[in-house]
Amino acid sequence: MQMSMMKKERHVISLLLLFVLIVLSILRTDIIKMMQVYIVYMGSCVERETYQTTAVHFNMLQQVIGESSVRDVLIRNYKRSFSGFAAKLTDHEAKRLEGMNGVVSVFPSTTFHVQTTRSWDFIGFNETVERNPTVESNVTIGVIDSGIWPESESFSDKGFGPPPQKWKGVGDGGQNFTCNKKIIGARFYVGNSTRDEGGHGTHAASIAAGNRVKGASFFGLGEGTAKGGVPTARISAYRVCDKEGACSADGILAAFDDAIADGVDLITISIGAEAPIDIENDPIAIGSFHAMEKGILTVQAAGNSGSASTFLPTSSVSPWLLSVAASGIDRQFINKVVLGNGETLTGMTIDTFTLNGTKFPVVTGQNISNGVCGETGIRACNDGCLNPEAVKGNIVLCGDFRAFKGVKVAGGVGVIVLNSANDFVPLAVVVSLPAIALNSDNFTFVENYVKSENPVAEILTTETIANPDAPRVARFSSRGPNSVIPDVLKPDLSAPGVDILAAYSPLGSPSGFFGDNRQVKYSVLSGTSMACPHAAGAAVYVKSIHPDWSASAIKSALMTTTSFIEPNSQLDPSQGISFSPGNINPVKAINPGLVYETSKEDYINVLCSIGYTSGIIRIISGDNSSCPGSSKNASARDMNYPSLAAQVPVNKTFKLEFHRTATNVGSANSTYKVQVSQNSKHSLNVTVVPEVLSFKSINEKKSFNVTVTGEGFEEFDYVATDLVWSDGSHMARAFSRTRIPVFTLVLLHNLARKLITETPFRPKPKTLPLDFNFCKSISGFRQYHDGRPRGSLWGGKKLIGKKVLFVILGLKRFKKDEEKLQKFIKSLVLRVLKMDMIAVLTELESQEETFLAVKVVS
């Protein structure tokens, strides 16, 4: 009996102890949630293996937190460039760590209060800048895009008066769409309404001219006051794109037609072709030319065709519009994955989901295959390749950045993907499930860890950190050259376009991925689409301060006051054209000192220089404009443009002449002296005559000549030079770029002769490989410049055979006319400039059969 009672007492005591442990565990969990994150900085890394550094950190933490699990409180390790760690700690624990040997400092990890206007603040355009709200209110921005969401707070008309008296537009917004005093115009060329179904147009419009809206965020990220560059300006929306982002050329041209007639003061268009096209076939070039005639500046996204390659031609090539590349800002969105071995790796996605502190098994595509796909599809976790039963309850490791859909469809808890782009310029994207994108080193680390016994991980939600390397041109951004008019430097400048938070349509998926049905008022996008409205807002701001300035004067002011961007050697080892003339600075742009005004006659002469006849020019201009008698020797270099660019022969001496006329918009009595600085491995001899410009009045004009000589440059060489006029308070830059041509006429001529005279005619179009980008460029495929592929490629696939056949027949057709032949081949080569053309041409010359040669071109 006594033994029985003792057993019962022990059982009760055991239950009580278990209860106490459970309570303590719960309390500790709650305490951890309430504790603050501290950073423990331990100076430079000592020479030890990274796992040893991690062990040191673990040991230090264990000493201060006692019996608690280090993995519960450790946020991340610093062990590659310096030593330290971040952890959730009490004040007492932080003080204990502070007194340990090897610790430099312990301090709270404070939240960076990132506003949507962080991009504007970063370029010096904050709430305190000089403004003229009355003039701003009389300026209307035409947004040609996917429409707009009129109910967004960013477009409320509270406090707005009637539309400007000069406004001629209408509020023809279509079904279930009503304009207001902020959105004073609306038209649509697709669907039945101007209402934005995808979010892109709303995002762009709010960046340029959105109202001030407090408390805007994306699920708490980037919380702050949202505002556009010119919050009191009006908007007229022109919907030319469907919800998938397909935009017809006819709709675009119709939108330009209406916008010009409606009386907009500026047009922003974040749309473009995938590859450069001739001006006469480009609706944006055509529309913007006619806008220019009416004094309307068009601002266009440069394109998202960037990569680690050197030659990344922008599709925005016309000299009369402002082409905008995308750059980063001093903020980054990052997230982390905590592995079961205690390692914390940093990656980049915008992940607002939480796994509530739970770690899940990590599996690879090879272990959860359904047996349908090959090895490549399995490793990439392509949709339809995974076994849902094996995926369920697991985090999947996938070797392709596009794996989100496949894992989401299969029912995975989360996904860890490889994004090698993060090896260069980091970029976060919104995801539709717990996910993290790792660079190559971190991904390889996880691959090795998964081979261990019972691998598990937790993907943490996204946080914000500072980005000290900004600004850098984004990896995705098209960075040039101008393949249609090589002597006109494009893009013209760069503006913030990475991880931009702005208004969004509730009908649009914030991630664009399968199954993401969240509705948001504000979302994060990256692309030259986001950079473009930043430049548009800046241009309107300059116009509001100087309403009498011409469109070209405003463009010049923006271009000549940019902040220099250091080239990224990882992206472009040659430090070539991987950066624009500089990053936009709206505050400096209102006081540039000098401007370079470009006239319609200048643009006409550019068209003449690239082969347009007087008859065609008169049709385009609608007047008696004609090409000068010396148009055969004319060059786009003769245009009074705010930058200088030229192609020169390979391995030969050259001499270039530039003529420019500057207009004084600074002080009436001022003297400017020239400064020339070079930023390239090659040096140029640059002479400026005169070296001093003296002005006696505002709007006085002075001319100067620039002579550039050099020699011995190889193919793919780029030489950058800054030419700056300074009066001590103003510094007007005329950025210069000399480009060595990718293709010499000799090489083209020899290639043509070889294809025509030395190879048999054996086309086999059906067996030709299909190049993704080339298909898009010839099928009229268009997309938004936010990095999301949209639209169908079937048209390109159907055309590819005909295109190849035309190439071969065309070469035979021009056999007896070498001048026409060279022009034909040059135009052909420019159409496939997205490829590595030196390699293409080399291989073409080495082939003995036309069929093999044409395969490479395709």
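This is a predicted model: local features need pLDDT of at least 70, side-chain atom pairs count only at pLDDT 80 or more; totals for chains, interfaces and linings use all residues.

Reader: Where is Ser 477 placed?
Author: Ser 477 sits in the loop between strand S21 (463-466) and strand S22 (493-496).

Reader: Is Ser 477 buried or exposed?
Author: Ser 477 is buried, its relative accessible area being 0%.

Reader: Turning to charges, how many salt bridges does a search of the whole structure find?
Author: The search finds 14 salt bridges. One of them joins Arg 187 and Asp 262, with 2.8 Å between the closest N and O atoms.

Reader: Which parts does that pair tie together?
Author: Arg 187 belongs to strand S6 and Asp 262 to helix H8 (residues 249-262), so the pair ties together parts 75 residues apart in sequence.

Reader: Are Arg 187 and Asp 262 buried or exposed?
Author: Arg 187 counts as buried at 16% relative accessibility, and Asp 262 is buried at 3%.

Reader: What about Glu 197 and Arg 239?
Author: Their side chains meet in a salt bridge, 2.7 Å from N to O. Glu 197 lies in the loop between S6 and H7, while Arg 239 lies in strand S9 (residues 234-239), 42 residues apart. Glu 197 is partly exposed at 31%, whereas Arg 239 is buried at 2%.

Reader: Now the open sheet: what is the strand order?
Author: The order of its 4 strands is S25-S27-S31-S29, paired antiparallel. Strands S25 (594-595) and S29 (685-689) stand at the edges with a single partner strand each, so one side of each has no neighbour in the sheet.

Reader: How many bridges join S27 to S31?
Author: There are 10 bridges between them.

How values were computed: Residues are numbered from 1 along each chain as its sequence is written. Side-chain values use heavy atoms; hydrogens and water are left out. Two strands pair if DSSP finds at least two bridges between them. Helices (H or I, at least four residues) and strands (E, at least two) are DSSP runs, numbered from the N terminus. Buried means under 20% relative accessible area, exposed over 50%, partly exposed in between (1.4 Å probe, protein chains only). A salt bridge is a side-chain nitrogen of Lys or Arg within 4 Å of a carboxyl oxygen of Asp or Glu.
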